[in-house]
Amino acid sequence: AAPGPRSYTTLRDEAVKLFNSLQQLESERDPVPLMQGVLQTCLDLPPLVDEIYCQLVKQTTEPPAPGGQGDLHYWQLLTCMSCTFLPSPPVLRFLRFHLDKTESRFPASEMAKYACFIREALGKTKGRECVPSLEEILMLMQRQEMICTVHCPGAPACSVAISSHTTAEEVAQELVSRLGLSQSPNLFALYEQSRRREQPVGSATLLADVLTRFE
């Protein structure tokens with residue numbers, strides 16, 4: 001089942017738990033579940049989004065081993081955050097300054113590549129219904145797109161590369177073009193199908209959210 005709302009205590013207590021999770025992240029061999037847990041808490045408790053952004057900026061400023069595994073884990077979580085939540089304007093300005101400084105100080109490094117990716121993501125992120133799936137987190141850690149398989153009536157299944165920001169309408173338009181149906185008077189839409197029901201996917205729905213629900 002996809003991650004869902006959990007029971008929480010006070011915001012202060014949850015902020016402390018998240019801080020402990022970030023400390024654990026540095027040495028975690030498999031950081032993906034921990035990252036998803038942090039993202040889920042931020043989705044359920046929006047006031048903590050700015051707190052996590054600030055903590056991640058702090059952790060990636062003057063790290064003991066720049067570019068080391070622990071440092072990159074923080075950059076990877078920051079990447080996932082940037083594709084899921086927008087911080088408040090003051091924190092966004094603070095974050096952009098940090099990204100610029102990192103790219104200037106460590107050009108061509110992995111940190112600089114993450115900083116560039118994060119800056120571009122922040123220009124597209126509008127908020128998510130679901131946190132990234134485990135697969136999406138893995139792809140974001142590598143700064144790669146996901147491959148989504150769409151089954152088309154009367155045609156072979158199509159594989160489409162999507163990002164965290166790709167909408168159902170964008171995928172439908174690409175498939176219409178790929179299948180040579182651009183001149184067709186019919187309307188086309190994507191549907192998601194489970195064992196219990198089949199329903200259309202809203203044109204503005206992010207495909208990444210649909211994939212999380214299937215996870």
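This is a predicted model: local features need pLDDT of at least 70, side-chain atom pairs count only at pLDDT 80 or more; totals for chains, interfaces and linings use all residues.
User: Arg128, buried or exposed?
Analyst: Buried: Arg128 has a relative accessible area of 9%. The cut-offs are under 20% for buried and over 50% for exposed, with partly exposed in between (1.4 Å probe, protein chains only).

User: OK, which residue forms a salt bridge with Arg128 at 2.7 Å?
Analyst: Asp209, with 2.7 Å between the closest N and O atoms. (A salt bridge puts a side-chain nitrogen of Lys or Arg within 4 Å of a carboxyl oxygen of Asp or Glu.) That pair ties together distant parts of the chain, 81 residues apart: Asp209 sits in helix α9, Arg128 in the loop between α6 and α7 (134-141). Helices here are DSSP runs of H or I, at least four residues, numbered from the N terminus.

User: And why does Asp209 count as buried?
Analyst: Because its relative accessibility is 2%. Arg128 also meets Glu136 in a salt bridge, 3.0 Å from N to O, and Glu136 is buried as well as Arg128.

User: Switching topic, how many salt bridges in the whole structure?
Analyst: Eleven.

User: What about Arg119 and Asp100?
Analyst: Their side chains form a salt bridge at 2.5 Å, N to O. Arg119 is in helix α6 (residues 110-122) and Asp100 in helix α5 (residues 89-105), 19 residues apart, so this pair too links distant parts of the chain. Asp100, Glu103 and Arg119 are joined in a salt-bridge network.

Notes. Residues are numbered from 1 along each chain as its sequence is written. Side-chain values use heavy atoms; hydrogens and water are left out. Helices (H or I, at least four residues) and strands (E, at least two) are DSSP runs, numbered from the N terminus.
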